[in-house]
Structure formats: structure tokens, C-alpha cells
Number of protein chains: 2
Amino acid sequence: MPVGLSAPAKLLPVDGVRLAACASGIKKNGELDTVLIEIGEGASTAAVFTQNAFCAAPVVISRQHLASASPRALIINSGNANAGTGQAGMQAAEQSCESTAEQLQCGASQVLPFSTGVIGEPLPVEKIQQSLPDLAANLQPDNWLVAAQGIMTTDTIAKAISRQVDIDGNTLTITGIAKGSGMIHPNMATMLAFVATDASIPRDSLQTCLQQVIEPSFNAITVDGDTSTNDACVLIATGKSGVSVNGAHEGFMQALQDVFTQLAQAIIRDGEGASKFVTVQVNAARSMEEARQVAYTIAHSPLVKTALFASDPNWGRILAAVGRAGVKQLDIEKVRLFLDDVCIVEQGGRAANYTEEQGQSIMNQPEITILVELGLGASSATIWTTDLSHDYVTINSEYRT
Amino acid sequence: MPVGLSAPAKLLPVDGVRLAACASGIKKNGELDTVLIEIGEGASTAAVFTQNAFCAAPVVISRQHLASASPRALIINSGNANAGTGQAGMQAAEQSCESTAEQLQCGASQVLPFSTGVIGEPLPVEKIQQSLPDLAANLQPDNWLVAAQGIMTTDTIAKAISRQVDIDGNTLTITGIAKGSGMIHPNMATMLAFVATDASIPRDSLQTCLQQVIEPSFNAITVDGDTSTNDACVLIATGKSGVSVNGAHEGFMQALQDVFTQLAQAIIRDGEGASKFVTVQVNAARSMEEARQVAYTIAHSPLVKTALFASDPNWGRILAAVGRAGVKQLDIEKVRLFLDDVCIVEQGGRAANYTEEQGQSIMNQPEITILVELGLGASSATIWTTDLSHDYVTINSEYRT
């Protein structure tokens, strides 16, 4: 059960983007597993990819294609990551691009391939190829929801959102979808996300916009600290609205940030086995990096995560995580620890007024904020994570069976 | 059920050390929880402690006392860590030393206190104080086993070992005990261990010996990556054999290393919820640090650990961990991955001759070696870890209830 997350509300089409999804048989259970996204002429496309050295074949090919041409289509499959598949995997990714290009009458380098699912199995590219005529025939501007369903793996719920923003009397639309539930640790994205807007933004400017909004969203979440081989996030600006914006436009960037943050948080709310949605905020650090280092040490601690699962206000484990986070010259007398607005630790020990009942009542909530004041500087960081539950172990010990 | 670990074999007394254990009521279940170790006059004592900034009160006091005097006694309790307890915790640790010193007629600074258990609860020092007359009356050279039992927390089995080594016709004895099962990640020790020998070794030389043998033993294990607030490892040389040795003596150092390695591995074999004993070896790295970095990234990956629990040869997860370990200029074509002696990955993908059956048959074993050849240099590292099981979650979500 995702934490505080329901099925996507009404999704708005983005002029210049058409989508289709089908079940081509890559997933054994017959669910949607192949998605085609067509991008209209004149659009700009920006993307960021996983930093994992063992990046998947589609990531390698997408990077190459993006550097050489303006994308006209994305071909995406779930159920198989096409990662750790060597030369054969590269060929399969190339073939899926060539067949898509034939179908849509564009160049193969104008197609970006994406895969997500089990690592190390050969990609049955012929299943994608066989589905392409149907996919092309069914391209529609209002197929965002089925596209969101078609990219799911261990996700229990589709993740998608639309926002509109008024710019000088014109309405701009932003719609995005994302998938991701486990192997979630941002070192770029750690999932697949595809976001489109009808704004007009040149390619370089679009890449800057993407990097700006991804940092406090997809790069601020973690389920298990495992960075995937396949992460990718794509932002498309079709330009069909005729309204030009850039990263300096506050209203547009706020709406774009909102779409990215909501999608990133949706991944955590639907994290594998998640029973809690946990915000970890670290204040008064010397730098944002230091604040993040402490936040991630807390968020990755199996002992903190199992205590969250048990709704146990075992703050000693949080304190131990802060203590081992590698912060130089940490003065433990100055560190303060809060659960929501209740101060639990100050001056090196339990806060004088803290009662176990206060901690328990906060821990019983499905959404919890762990706040650490380091007392060292003026920098902050906020990340989102989940607990570590029996269901996480079950999901990940039975994934391939 | 610990993996490949049975109750300690016959433990040999070490001349110059006497021990006693009792149940003073700190553990609610009435089990042994308080241990007194008396060190004879003329002994040398060396110790290393946790690097966690939030180190417990007894760690602070032990460090101070060790710097100012030659220890005559160790007073150890389990069931309460006396960590995150502020000024009151410091006083409790001091009081336990003062009462022990009164009982044994030595100075309070000649007593080192140690605690392990729940963090953040006040230490009921009066229970220790009330037990001291009995403990002092029951000091015996052959009480190593009850001492090992008295320091246990979530351990399911006592951890202790003896070794003897002949030096020029004289027999030296080394006996040690350890505890630890969760919150295990070495950044010094991550557990309690007390080892004694009747060899004669001056204090400075003894500290060097300790640092040498601890690096590939207690500093090469991880259960969950959580560094405890209370870790300590003490090495005592009573000198009663009259035989002088130092860190250059190969035979003695081998025996000492064996005691340390066996105790460290025992902690992993009895790791919380462990169903596998996993050796992670990384070869052909540019430095030992780089090799360790890769080994720990694998050992800490929840996805690798749940695959180990499931006996699933999901090597893609191991590959993904190698890929995100932050190794600079990793050439994935040169990386080779083995389970025991079976090559699974080479040239960026699944090895040509590898079959799932081979991987499955190795994964079914209780003891597994994951071997990674990085193809970058000539340095290696070996660490030991466990899987991540339902029992780990159960143990750590019910610890305080």
C-alpha cells in the first residue's frame, strides 16, 4: 500500500506529444510493458542518466543519439533492463531504435531507447519490434495514464501528474510520468521519468532547467541506497504553445519543480514495502553536501529504517547514524534532534521534557519528519525515504521467482 | 541459527586474569548481564574504541582512564548502552568505576567501564554496584565462558576462543571473548571484545600489535553498516609467562591474528537474522581502500543482501553495486565477477559458459564467496558479511518491545 498516494488525477495532453502502450509479452503476466512516445517536429529534448559505471545498453545508446540528433521518439520497455547484457544488449537497443524509426519515418538516431526491469537477461527485442505497428497506430495525445502503467515494474500504482501555469495570459501545460520503487538512490534520477511541456525552450536552456529541478526532487530520494543501471529522466519542450520561457521564469519553474517533486515523492510513497513516508531534514550544516551526507546516513541506516517500520521512537539509532556520518568536529552538545516538532535530543542526551509517549504518537503516523540541527553552519538539505519492512525483504527476495 | 558456528570449545585460562559474571537485573529476562574482569599487577593493556562522534559515556571514561593509569579491572554490562545519556550517563559510568575500585582496592582510574545494549536509557548503575561484592568474591581464572555469555545482547551464541603458541619451548596462551550481532560496521571494532595473553608486551608495543590484528578482523566485517556508539576492543598482556614478544614475532602474531579473525567472523556468523556467511573479496584494485570501497558497497547493498537471503544468483545486483561504488575510470570490459570459482560476468556481460544452475548451486550453500576482479591494479581486500533476512527485520523492529 503506497503511503498517501492515490491513482493519478486527470492528466492533460501536451500538444506535440502522442503516446501508446501495449503488452508485448516481455512481462510474463501479460501486463503493459512497451511504450512509444512520439515527439512532434521542432521540440527540444533534454535528459539526464544514471551515473552507475555499469549503465545499461539503452542508456549508452540514448546518450549517443541525444548527442547527435533531435529526438522524435522514445521507445520504452519494462520487465527487462537490458543491462549487463554486453554487445548483444547494445545490438538489441539499436534494433529497437531502427524498427521504431522505420515505423515513424525518422532516423534511427532520432529514437531514444529506455529499459527497466531484471538485469542480466537478454532483451527479447523481437517482441518490441512485433508490437511497433500497433503502437504507432494507437498513438494518442491523451494516453499518458496507460504510458505510466506501461513503464511500471515493482510499482504498485501508476505515477503521473499534470500542472498548468499562466504566462502573460497564455496557459502552459506540463505533464509527466515516472516509475520506480526499489534500487532507488539518486545519483542522477534512479528511475525512469518522462515529462513534457508545450512551452518553447531551446535545447541548452532546457537542459539547465532539467538540472535545476532534478536536484531537489529525483536527486533527493532514496529507498535502499542502490543506484540503478538504467535511470533516466527526459524533459521535452514541444514549443506548440508558442510561448517561450527559460530557467529564469519563476512561475514556469515553480510549476515544473512541482511536477518533478510530486513525481519523485510518489516513487518514495510507493517504495518497495513502504509503510512510512519519511522526510529527513538536516539544518545548520556547514554546506549542503554535509547536510546531505548526514541525511543519507540516517536514511540508509537499516536500524533506523527497521525502527521506523516498527513505529518505535528508538532515537538512539538516529543519533548513532548522525555520529557515524563523518561530520568533522561535530560538537554533540550542539546537536538537536526532532521528530516532527518534538525535541528529542539536546546537549548530548534525551531532551529534558521529552516523553516516550510523545515520540510514540509521532512514530505511529504514516508521515514523519526527522529533523537534525547540527549547530555548525547555515546550510540545509531535505531528502525523502521509506522504512525497511518485511515486505521489502519479501519483494526483493522473490523478484525473479 | 548462526551459520557454521557452534558453542565455544574448551577455553584456556590466562594467568593474570580472573573473571566473574552475574545477573544484576539490567536485562529484564534475568540473564547474565554484568561481568567483572580483574587484571593482575604488571600487565599491559591496549584498546581501540568506536569512531562514532556520539560515543557512549563508558567509551569517554575508558579513554580517559586508559590515558592516565594502568588498568586493573574492566566492569562490563550488557542490556544498556549508557549512550545518548548526557551528563547523567557520565556520572553513572564514573560511579561504576569508583565502586569497582573500592571492591578491588585500586584507583577508580584503573577501572575501565564498558556497556552494550539499548541506547538512550539511563543506566541503572545501582544494580551493578549491588552486584560487585558477589562478582569480586567469584573471580576465577576459568570463567571465560560465563563472561562471554554475560556480554551478549542479540547474540544467539557465546563467542570465545583460545589458542596456544610455542615460543622457544615456552607455551603462550591467548583467550578472547566477543559480542556483537547487529549495528555492526567496523570503524573501529563495532562490538565488544576482550582478549588476554600471558605474553609480556610493553604497552606501546601492545597497542601496535592490536592495531595490526584488528584491521583484517574486526575492521573487516559488516552486518548492516551501522557503526555502534559503544564499540571497544581490549587486548591485555599479563606478562605472567615471562616470555617477551612483540609485533615482529611471526608465530605469536599469527596466533593472535587467528583469535581476532575467528572472533570477528563469529560475529558475522551470528549476525542478526543471518542465514549466510558471505566473504566479499575484491582483487586487482589500485589500492586497498579502493578494494574495500567496492567490497563494502556490495556488502551494504540491501538488494544484494536480499538476493543472498533468497539464494538467488541475481548477479545483476552485484554488478550494479560495483558500478555505483565510485571507482574512477572503471573499465567494465575488464571487470570479472565470480561466485566461488564460477565466473559469472566478463566483458561487460554474462560469461559465455555460465549457467543459472551453476549460480544456483553455489547460492544454495550457507557459505559463499563473492569475488570481484577490477582489472585496475594489484591491491586486494577481503571482508565478511551476512544476508538481509526477514529475521533481521523482525529482530530490529522488536528490539525494544
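Colleague: Which residues of α9(A) are buried?

Modeller: This is a predicted model. In α9(A), the buried residues are Trp315(A), Gly316(A), Arg317(A), Ile318(A), Leu319(A), Ala320(A), Ala321(A), Val322(A) and Gly323(A). A residue counts as buried if 20 or more other C-beta atoms lie within 10 Å of its own. By that count, 9 of the 9 residues of α9(A) are buried, and the helix is mostly covered.

Colleague: What does α9(A) give to the side of chain A that touches chain B?

Modeller: A contact between two residues means that their C-beta atoms lie within 7 Å. Here 52 residues of chain A are in contact with 52 residues of chain B. On the chain A side, at least two residues each come from α2 (86-104), α8 (302-309), α9 (315-323), β14 (349-350) and α11 (390-397). The most come from α9(A), with 7 residues. Sorted by class, that side of chain A has 20 nonpolar, 24 polar and 8 charged residues.

Colleague: Why do the copies meet through the same surface?

Modeller: The interface residues of chain A are, at 100%, also interface residues in chain B, so the same surface is used by both copies. The superposition can be read next. Chain A is brought onto chain B by a rotation of 180° with 0.0 Å of shift along the axis, at an RMSD of 0.0 Å. The two copies are therefore related as by a two-fold rotation axis. In chain A, His390(A) has the C-alpha nearest the axis, 2.9 Å from it.

Colleague: Which residues touch the most other members of the largest nonpolar core?

Modeller: In soluble globular proteins, nonpolar side chains tend to be buried together. The largest nonpolar core here has 262 residues, and Val294(A) and Val294(B) touch the most other members. Leaving aside residues up to four places away in sequence, Val294(B) touches Val282(B), Ala285(B), Val322(B), Ala325(B), Val327(B), Val372(B) and Leu374(B).

Technical notes: Residues are numbered from 1 along each chain as its sequence is written. Chains are lettered from A and ligands numbered from 1 in the order in which they are written. This is a predicted model: local features need pLDDT of at least 70, side-chain atom pairs count only at pLDDT 80 or more; totals for chains, interfaces and linings use all residues. A nonpolar core is a set of buried Ala, Val, Leu, Ile, Met, Phe, Trp, Tyr and Cys residues joined through C-beta atoms within 7 Å. A residue is buried if 20 or more other C-beta atoms lie within 10 Å of its own, exposed if 12 or fewer, and partly exposed in between; C-beta atoms are placed from the backbone. Helices (H or I, at least four residues) and strands (E, at least two) are DSSP runs, numbered from the N terminus. Ala, Val, Leu, Ile, Met, Phe, Trp, Tyr, Cys and Pro count as nonpolar, Asp, Glu, Lys and Arg as charged, and the others, Gly among them, as polar. Copies are superposed by least squares on the C-alpha atoms of residues with pLDDT of at least 70 in both.
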